[in-house]
Amino acid sequence: MLLLIFGAVVSRYIFNTSFYWSDEIARYCFVWLIFLSAALAVKEKQHIRVTYFIDLLPDNVRKNIILLGQLLFLFFLIFLVISGFIWVLELKNSNSPALGLPLNIVLYSALPVGSLLSIPYVIKQIINTYNNRKTQDL
């Protein structure tokens, strides 16, 4: 993506010509990078969260609150997968402006795929939280 944008900028300002498709491809790569990185952040537990008030609670309550949050996140991801695939199917006739690519495949499918990749990591975290007796590791 970086090389594509760099090449487009060099082409535009040095050679006075541009690749009409470069911005479009870079945009699609960026969207996919976001959703795949979000799944990786779920795996590594790197999403931002504020734990100040949860840390003040007793261990058993803290564990239940964390477990509830993880379950809600799992249900949200399932909702994103289902509604994302419905969205992809409904927009099957839309094409990208420059290249004519099917947008439901190259762009809109990033949402359900990224969410689907996150689900196993959340399930693993739920199992670890449920089996963990100490909440320092949560």
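A residue is called buried when its relative accessible area is under 20%, exposed when it is over 50%, and partly exposed in between (1.4 Å probe, protein chains only). By that rule, 30% of the 138 residues of the protein are buried.

The model is a predicted one: local features need pLDDT of at least 70, side-chain atom pairs count only at pLDDT 80 or more, and totals for chains, interfaces and linings use all residues. Residues are numbered from 1 along each chain as its sequence is written, and side-chain values use heavy atoms, with hydrogens and water left out.

**Fold and overall dimensions**

The protein has six helices and zero strands, where helices (H or I, at least four residues) and strands (E, at least two) are DSSP runs numbered from the N terminus. The order of elements from the N terminus is α-α-α-α-α-α.

The radius of gyration, taken over C-alpha atoms, is set against a globule rule of 2.2 Å times the number of residues to the power 0.38. The protein has 20 Å, while a compact globule of 138 residues would have a value near 14 Å.

| Property of the protein | Value |
|---|---|
| Span of the C-alpha trace along the principal axes | about 65 × 35 × 20 Å |
| Radius of gyration | 20 Å |

A contact means heavy atoms within 4.5 Å. Among contacts with a separation of 6 or more, 69% join residues 24 or more positions apart.

**Nonpolar cores**

A nonpolar core is a set of buried Ala, Val, Leu, Ile, Met, Phe, Trp, Tyr and Cys residues joined through side-chain atoms within 4.5 Å. The largest one has eight residues: V42, L67, L74, L77, V81, I119, V122 and I126. Helices α4 (59-90) and α6 (110-131) each give at least two residues to this core, and the largest share, four residues, is from α4. Another core, of seven residues, lies apart from it and includes L103, L107, Y108 and A110.

Leaving out residues up to four places away in sequence, L74 touches I119, V122, I123 and I126.

**S22**

S22 is in helix α2 (residues 22-43). Its relative accessibility is 1%, so S22 counts as buried. With residues up to four places away in sequence not counted, S22 touches L4 and A8.
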